[in-house]
Structure formats: structure tokens, C-alpha cells
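Work through the exercises below with the sequence and the model side by side. Try each task yourself before you read its solution.

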Amino acid sequence: MKIHPTAIVDPTAELAAGVEVQAYSIIGPHVTIGADTVVGPHCVIEGRTVIGERNRFSSSAQIGTLSQDLKHNLDFAGRTSIGDDNHFREFVTVNASTVTCEEDADTVTVVGNGGLFMVSSHVGHECVVGD
């Protein structure tokens, strides 16, 4: 594991072997990142986010962030699930699921395996993107 000294990684985040977190990135609580994943500079990964192996996040990607849904209850963190071997280019956003109450806390935004998310693309809350 390689974490740049300017990166902020919550002590409860789980980072597997071979994970690299580059300069000025922020990894929040409840985040799990699989082996050999590279988190580029200035990225934010938060929420209840689970990321598979060998993913790459280019500069300024925002993953598992609060959904752009005004009914989201800020008392609950949304969920995001990302598979293996994806590449998220610069400024990509993947919003966590919208959670309005405890009953819908199991909703999730899903990204499969092997995707290329080009510059400034967006995956909205509760979207399911296949392999």
C-alpha cells in the first residue's frame, strides 16, 4: 500500500494490498478498496463504497458522493458498488444511492467490470452500469 503524505485516509477505510492513493485525495469512512487500485490526485471516495480490484481513478474523480437528489436524508450514507478493472478518467462522478429512510438504506449504485468512464461523465444515483 502506498499513500501520499498529503492524502487523507479515514482510519476505518479498508485498503487492500497494492492500493495507491496519490496526492491530495480523500478516502472517507466505510470505504473498501480492492487490491492494486490506483486513486489519482485530488480524488474523493466516500459513502458506503465498495471498490473491486485493479481500478484506476484519474485526477479529481468523485466516487460515492452524495446524490443530486433533494429528498436524500443526510442521516444515512448512500451505497456504491464498483467491480474490477474499470478506469474513471478526470472529473468523473459516481453518486451514491439516495437514502430517504432506514428502509431504503440497501439501495445501491452499481458499476460492473471493465468500464471506461471518459472525462466528466456521470453515473447517477441508483444507476446500474453493466460490464
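The model is a predicted one, in which local features need pLDDT of at least 70 and side-chain atom pairs count only at pLDDT 80 or more, while totals for chains, interfaces and linings use all residues. Residues are numbered from 1 along each chain as its sequence is written, and side-chain values use heavy atoms, with hydrogens and water left out.

**Exercise 1.** Find how many helices and strands the protein chain has, and explain why its radius of gyration agrees with a compact globule.

Solution. Begin with the DSSP runs, where a helix is H or I with at least four residues and a strand is E with at least two, numbered from the N terminus. By this count the protein chain has zero helices and 18 strands. Next take the radius of gyration over C-alpha atoms, for which the globule rule is 2.2 Å times the number of residues to the power 0.38. Because a compact globule of 131 residues would have a value near 14 Å, the 13 Å of the protein chain agrees.

**Exercise 2.** Describe which strands pair with β12, and which way its side chains point.

Solution. Two strands pair if DSSP finds at least two bridges between them. Strand β9 (residues 48-51) runs parallel to β12 and is joined to it by four bridges, and Arg48 has Arg79 as its bridge partner in β12. Three bridges join β12 to β15, again in parallel, with Thr80 opposite Thr109 in β15.

**Exercise 3.** Locate Gly114, decide whether Gly114 counts as buried or exposed, and list its contacts beyond its sequence neighbours.

Solution. Gly114 is found in the loop between β15 (109-111) and β16 (116-117). Its relative accessibility is 52%, so Gly114 counts as exposed. For contacts, which mean heavy atoms within 4.5 Å, leave aside the neighbours within four places in sequence; Gly114 is then in contact with Asp84, Asp85 and Asn86. Finally, compare sequence with space: Gly114 and Asn55 are 59 residues apart in sequence, and their C-alpha atoms are 8.7 Å apart.

Definitions and conventions: Buried means under 20% relative accessible area, exposed over 50%, partly exposed in between (1.4 Å probe, protein chains only).
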